[in-house]
Amino acid sequence: MPDIDEPFIQELMAENPEFRALVEDHQRAEARLQELAEKSFLSEEDELEIKQTKRHKLFLKDRMEAIARDHRDRSVTAPR
């Protein structure tokens, strides 16, 4: 999530269990893609797993961005 700064991500992770779980799942998916990228030969199953994992990461990213957008909107409209 390049458009979200680190302090904001840390705040969301501390306050929102769903966001925290999504970030952790995203990190696991990224690590798995790294493992697969290091293989010298990819089987058909590996290639399918790569495609599915990339799709899953995109889903996770979209959900994290939606949560971040909602959080930011609530922060902006909340009375101070």
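The model is predicted, so local features are taken at pLDDT of at least 70 and side-chain atom pairs at pLDDT 80 or more, while totals for chains, interfaces and linings use all residues. Residues are numbered from 1 along each chain as its sequence is written, and side-chain values use heavy atoms, with hydrogens and water left out.

Let's start with helix α1, residues 6–15. Helices here are DSSP runs of H or I with at least four residues, numbered from the N terminus. Phe8, Ile9, Leu12 and Met13 are the buried residues of α1; buried means under 20% relative accessible area and exposed over 50%, with a 1.4 Å probe and protein chains only. Look down the axis of α1 and these buried residues fall within an arc of 135°, so they line one face of the helix. That arc is taken from the directions from the helix axis to the C-beta atoms.

Now for how the helices pack. Two packed helices are described by the angle between their axes and the distance between the axes. The axes are lines fitted to C-alpha atoms, for helices over the stretch in contact, and the angles run from 0 to 180 degrees between N-to-C directions.

Take α1 and α3: their axes come within 11 Å and cross at roughly 95°. That makes α1 roughly perpendicular to α3, the label for angles of 65 to 115 degrees. On the α1 side the contact is made by Phe8, Glu11, Leu12 and Glu15, and on the α3 side by Ile67, Ala68, His71 and Arg72.

With α2 and α3, the angle is about 155° and the axes lie 9 Å apart. That makes α2 roughly antiparallel to α3, a term for angles over 145 degrees. Among the residues that meet here are Phe19, Leu22, Ala29 and Leu33 in α2, and Ile50, Thr53, Leu60 and Met64 in α3.

Leaving aside residues up to four places away in sequence, Thr53 touches Ala29 and Leu33.

How values were computed: Helix = DSSP H or I, 4+ residues; strand = E, 2+ residues; numbered from the N terminus. Contact = heavy atoms within 4.5 Å. Parallel < 35°, antiparallel > 145°, perpendicular 65-115°, else oblique.
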